[in-house]
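User: Hey, could you walk me through this model? I'd like to go over the sheets, the helices and the chain contacts.

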Amino acid sequence: MTAAPVLSVDNLSVEFRTRAGIVRALEHVGFDIGRGEMVAIVGESGSGKSVTAYTVMGILDPAGRVSGGTATFGGLDLLTAPEAALRDIRGREMSMIFQNPRVALNPIRRVGDQIADVLLQHGGVTRAEAPKRAVEMLARVRIPDPERRARAYPFELSGGMCQRIMIAIALSCAPRLLIADEPTTGLDVTTQAAIMDLIAELGSAQGMATLLITHDLGMAAEYCDRIVVMHAGHIVEAAPTAELFRHPRHPYTAKLIAATPRPTASLAELAAIPGGLPDLRQAEIPPCRYIARCERRLARCDQALPRVLGDGPDSVVACWNPL
Amino acid sequence: MTAPDDTPPFSQPLLDVQSLHKQFPVGRKAGLIDRIRGAAQPPSLLHAVDDVTFTIARGETMGLVGESGCGKSTLVRLLTRLLDLTDGSIRLDGIEIGQMPAKGFGNSPFRPRIQMVFQDATDSLNPRFTAAAAIADPIQRLKPLPRAALKARVEELAAMCGLPAELLGRFPHQLSGGQKARVGIARAIAVEPDLLILDEPTAALDVSVQVVILQLLQDLKQRLGMSYLFVSHDLNVVRLLCDRVMVMYLGRIVETGPAEEVFRNPQHPYTRALLSAIPHFEPGTRKDGHGAPRLRIAGEPRSPIDPSPKVCRFHGRCPKGNVACEQSMPLLHAVGPGHSVACHFPGDDRPEANDPMEKVA
């Protein structure tokens with residue numbers, strides 16, 4: 001990466017207060033995304049992928065608290081910025097696509113109006129122009145017959161269409177950063193491919209940085225420049241995509257790749273990952289949260305987690321005994 | 001599993017489905033004024049399942065793929081006899097079960113023989129039933145056992161499905177996704193079905209758990225000699241588990257054949273698009289343009305309401321459709337051993353590579 005990154009997350013820690021005690025959901029999470037880059041965060045459910053995205057967007061659940069670190073976006077620390085400044089940035093300079101478009105859209109407003117709302121709020125568009133611009137946005141996300149569809153309600157559209165509307169809303173102000181939280185979960189494979197193609201295309205056309213949150217390693221492999229692997233609130237490995245697949249360094253990454261169905265492996269060749277995520281409510285969690293599932297652990301694995309440089313300058317592994 | 005000759009790899013079909021149709025009336029019913037005016041028209045019909053014919057042999061796994069709205073779920077509900085069919089026949093072991101009304105099928109002796117594992121283990125388990133009660137429920141309803149034997153049977157089933165006995169007293173919200181999936185499977189196999197219908201059984205699971213569940217299903221099938229109908233849109237998963245696959249589009253089967261053959265040599269443009277859409281797990285394939293360019297289909301499917309019997313259902317989205325596709329709907333025809341396709345221009349992407357008249361004839 002040559003220029004300054006669009007988003008730089010450093011040493012981010014987030015904890016949740018629950019009745020059962022404090023859950024340290026994220027610990028020392030850090031990564032950068034450059035202009036025009038697509039970076040994936042992959043991991044099992046409960047690994048902290050979405051919490052990372054929500055923290056960056058400033059929409060963390062009230063029970064959550066940022067206990068340390070920074071998230072720098074355009075010279076501003078998103079974690080300490082006043083709410084008014086954030087509201088100005090969100091929607092215009094950074095926006096987010098959510099997992100379930102039907103739930104994220106307002107069910108009782110026409111989709112064209114929902115796009116116009118964003119344009120009026122952030123896009124510096126006049127009230128007279130907004131509907132026309134909304135139709136243009138629908139055309140850009142390849143919705144056939146955009147004039148008619150602008151007058152539709154979300155329930156009248158298919159899941160793939162609703163996700164296109166979400167993308168149109170998210171991209172209407174040409175943001176510099178897009179966070180896509182599992183944007184294709186629950187969609188058909190053909191629709192899934194079309195949506196991902198669209199995000200990638202519009203992203204590279206505008207030089208937009210994209211953070212893709214997904215559990216699908218195959219999709220991350222296909223679309224992303226770099227992959228960040230999370231496990232139980234820690235980043236265990238981060239590397240350029242080709243390097244990560246050619247030579248996974250962290251034992252968890254290797255297991256995750258081995259467990260994912262792919263065109264070249266038979267069922268017997270796929271290996272499950274033994275064990276589950278540790279209970280993060282415990283007072284004492286070992287420094288390496290993968291230790292209980294790890295087959296390569298050494299005596300010194302109970303010491304503070306190392307950050308080993310990987311094969312390339314952009315890759316890191318948090319492991320005492322990497323592959 | 002490609003058979004060298006025309007004999008299917010499995011003999012004696014367990015399930016034999018012939019020309020199955022299901023139509024739903026849609027739209028406004030003719031009111032009094034319409035009738036007085038004489039303007040009443042026959043109701044429009046949504047053709048959810050249209051002329052579907054296939055067999056599943058004993059011990060065979062058949063995959064069913066297609067996008068949402070293609071009629072997969074309706075077909076499954078017809079086969080599980082939760083829904084009455086419009087026309088056609090469903091035979092289990094040679095006995096016609098398609099004509100039995102769905103309402104009374106729950107008490108029929110055939111009910112235990114066809115069971116189902118539902119997509120979402122969380123939603124399909126009763127939140128007020130413990131794991132043990134959920135597994136015991138179908139046994140009590142269909143094959144009652146005395147109390148002690150029932151308890152032993154539930155424990156045996158849990159062990160078979162890899163569910164630790166100490167979790168049997170827990171409620172669904174106290175179980176993980178993988179454990180709930182195991183309860184769902186244990187409950188479905190409790191009455192020893194011949195045919196198990198699996199509706200996206202791993203869609204909600206993490207990859208780490210998905211593999212274990214798929215391996216469990218494979219293992220159970222071999223141990224218990226069941227046949228599976230495996231419904232999924234994850235083709236990477238279908239390929240792992242299935243002997244044969246059927247690809248469904250707008251209520252019709254557009255391609256069917258041995259799984260390996262269909263994946264290696266897809267003939268229908270829709271199948272090709274489906275296969276092209278799955279992530280191929282090769283880093284950067286999309287970006288640097290290595291390999292074949294991805295085949296994408298544009299647009300939305302045609303309306304399933306009162307479809308023209310002459311037009312190919314895929315016409316309009318098909319990259320190579322032409323006038324022939326508007327004049328006669330292609331029917332399934334053999335293109336290889338056990339491999340059939342419903343397309344005038346199967347195979348290669350270039351339309352000129354095929355002579356349409358040859359294929360029609």
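**A strand in chain B**

Analyst: Strand E8 of chain B is covered on both faces: B:Ser227, B:Leu229 and B:Val231 on one side and B:Tyr228 and B:Phe230 on the other are all buried. Buried means that 20 or more other C-beta atoms lie within 10 Å of a residue's own, 12 or fewer counts as exposed and in between as partly exposed, with C-beta atoms placed from the backbone. This is a predicted model, where local features need pLDDT of at least 70 and side-chain atom pairs count only at pLDDT 80 or more, while totals for chains, interfaces and linings use all residues. Residues are numbered from 1 along each chain as its sequence is written, and chains are lettered from A and ligands numbered from 1 in the order in which they are written.

User: Which strands are joined to E8(B) by bridges?

Analyst: E3(B) is joined to E8(B) by 4 bridges, running parallel, and strand E7 (residues 195-199) of chain B by 5 bridges, also parallel. B:Leu229 has B:Met62 opposite, and B:Ile197 stands opposite B:Leu229 too. Strands here are DSSP runs of E with at least two residues, helices are runs of H or I with at least four, and both are numbered from the N terminus.

User: What's the strand order of that sheet?

Analyst: It's an open sheet of 8 strands in chain B, in the order E6-E7-E8-E3-E9-E10-E12-E11, with mixed pairing. Two strands pair if DSSP finds at least two bridges between them. Strand E6 (114-117) and strand E11 (333-336) of chain B stand at the edges with a single partner each, so one side of each has no neighbour in the sheet. On average, neighbouring strands are turned by 25° against each other, direction ignored.

User: And what lies across E9 and E10 there?

Analyst: Helix H10 (residues 269-277) of chain B lies across E3, E9 and E10 of that chain, at about 105° to E9(B). Angles run from 0 to 180 degrees between N-to-C directions, and axes are lines fitted to C-alpha atoms, for helices over the stretch in contact. E9(B) and E10(B) run antiparallel, joined by 6 bridges.

User: Switching to chain A: how do H4 and H5 pack?

Analyst: Helix H4 (residues 111-122) and helix H5 (residues 130-140) of chain A pack at about 115°, with axes 8 Å apart. That makes H4(A) roughly perpendicular to H5(A); the cut-offs are under 35 degrees for roughly parallel, over 145 for roughly antiparallel, 65 to 115 for roughly perpendicular, and oblique for the rest.

User: Who's touching whom in H4(A) and H5(A)?

Analyst: From H4(A), the contact residues include A:Ile115 and A:Leu119, and from H5(A) they include A:Pro131 and A:Met137. A contact means that C-beta atoms, placed from the backbone, lie within 7 Å. By class, that contact has 9 nonpolar, 1 polar and 1 charged residues. Ala, Val, Leu, Ile, Met, Phe, Trp, Tyr, Cys and Pro count as nonpolar, Asp, Glu, Lys and Arg as charged, and the others, Gly among them, as polar.

User: Last topic: how many residues of chain A and chain B are in contact?

Analyst: 33 residues of chain A are in contact with 32 residues of chain B. H8(A) gives the most to the chain A side, with 6 residues. By class, that side of chain A has 18 nonpolar, 9 polar and 6 charged residues.

Technical notes:
Two residues are in contact if their C-beta atoms, placed from the backbone, lie within 7 Å.
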